[in-house]
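Dear colleague,

Please find below the structure that I am handing over to you, with its sequence. My notes on what was found in it follow directly after.

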Amino acid sequence: MRWRHPPVYRPLVDLSTMEERHILVTYRLDRATVQEMCAQLEPDLMSAIRHPTGIPHLVQVLSVLHFLASGSFQTTVAMASGMSHPMFYNVLSRVLPALLKHMRSYIVFNHVEDLPTVKGDFYALGHIPNIIGVIDGRHVAFVPPAEINRCTETGRATIL
């Protein structure tokens, strides 16, 4: 009779040895925010576990943050995190609901009544009109809903 031992997970990610710049590039958050987020999500991840994975909560959260920040494929992020694709899928399905539960702590949207002031402030800063917010200093392409399928001469989309 062979004894079956639980798999030993050897994390490839160690936040304590990473430089701050590398953390910002990889996860789009600073070290303190990542650590705070991991501490905040730990109770949710503990209660969501039906069977222990052997993967530390920090590694679970970091791998999902890397997936969201990079826009890469699950398989690629799983390999970079040192886990199989099915295991990463399980981690993703546990961490995403926990992140959604706490997203209001980290994501803030402007109120509609504040938009004229925000537009004016951004225009004063960079002379670019109609800017209502920024995301991580990156350009993000928004795809219009399917009902919007043509533009007028002014460049404004119309709903048909």
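A nonpolar core, as the term is used here, is a set of buried Ala, Val, Leu, Ile, Met, Phe, Trp, Tyr and Cys residues joined through side-chain atoms within 4.5 Å. Buried means under 20% relative accessible area, exposed means over 50%, and partly exposed covers what lies in between, with a 1.4 Å probe and protein chains only.

This is a predicted model, in which local features need pLDDT of at least 70 and side-chain atom pairs count only at pLDDT 80 or more, whereas totals for chains, interfaces and linings use all residues. Residues are numbered from 1 along each chain as its sequence is written, and side-chain values use heavy atoms, with hydrogens and water left out.

Confidence and overall layout

The pLDDT is the predictor's confidence in each residue, on a scale from 0 to 100. The chain averages 77, and 71% of the residues score at least 70. Confidence is highest in helix 6 (residues 115-126), at a mean of 89, and lowest in strand 2 (residues 157-159), at 48.

Helices (H or I, at least four residues) and strands (E, at least two) are DSSP runs, numbered from the N terminus. The chain contains 6 helices and 2 strands, in the order α-α-α-α-α-α-β-β from the N terminus on. Of its 160 residues, 24% are buried. Its accessible surface is about 12000 Å², with 61% of this belonging to carbon and sulfur atoms; accessible areas come from the Shrake-Rupley method with a 1.4 Å probe, and for residues only the protein chains shown count as cover. A contact means heavy atoms within 4.5 Å. Among the contacts in the chain with a separation of 6 or more, 48% are between residues 24 or more positions apart.

The nonpolar core

The largest nonpolar core has 25 residues, and the members that touch the most others are Val-34, Leu-41, Val-64, Met-83 and Phe-88. At least two residues of this core come from each of helix 1 (20-27), helix 2 (31-48), helix 3 (57-70), helix 4 (74-81) and helix 5 (85-101). Setting aside residues up to four places away in sequence, Val-34 touches Leu-15, Ile-23, Leu-29, Leu-62 and Leu-65.

Helix 3 has 14 residues and reaches 20 Å from its first C-alpha to its last, close to the 20 Å expected at 1.5 Å a residue; the expected span is 1.5 Å times one less than the number of residues. The helix is mostly covered, with 10 of its 14 residues buried. Those buried residues include Val-61, Leu-62, Val-64 and Leu-65. Gly-71, which follows helix 3, has a positive phi near 70°.

Ser-63 also lies in helix 3. Its relative accessibility is 2%, so Ser-63 counts as buried. Beyond its neighbours within four places in sequence, Ser-63 is in contact with Val-77, Ser-81, Met-83, Phe-88 and Val-91.

A search of the whole structure finds 1 aromatic pair. The ring centres of Phe-67 and Phe-88 are 5.7 Å apart and the ring planes stand at 70°, so this pair is edge-to-face. The pair links distant parts of the chain, with Phe-67 in helix 3 and Phe-88 in helix 5, 21 residues apart. Rings of Phe, Tyr and Trp (its six-membered ring) pair if their centres lie within 6.5 Å; planes under 30 degrees apart count as stacked, over 60 as edge-to-face and the rest as tilted. Phe-67 and Phe-88 are both buried.

Individual residues

Arg-28, in the loop between helix 1 and helix 2, has a positive phi near 65°. Its relative accessibility of 26% makes Arg-28 partly exposed. Asn-130 lies in the loop between helix 6 and strand 1 (148-151) and has a positive phi near 65°. At 56% relative accessibility, Asn-130 is exposed.

Tyr-89, in helix 5, is partly exposed with a relative accessible area of 49%. Its C-alpha is 9.0 Å from that of Thr-75, 14 residues apart in sequence. Glu-19, in the segment before helix 1, is exposed at 60% relative accessible area.

With kind regards
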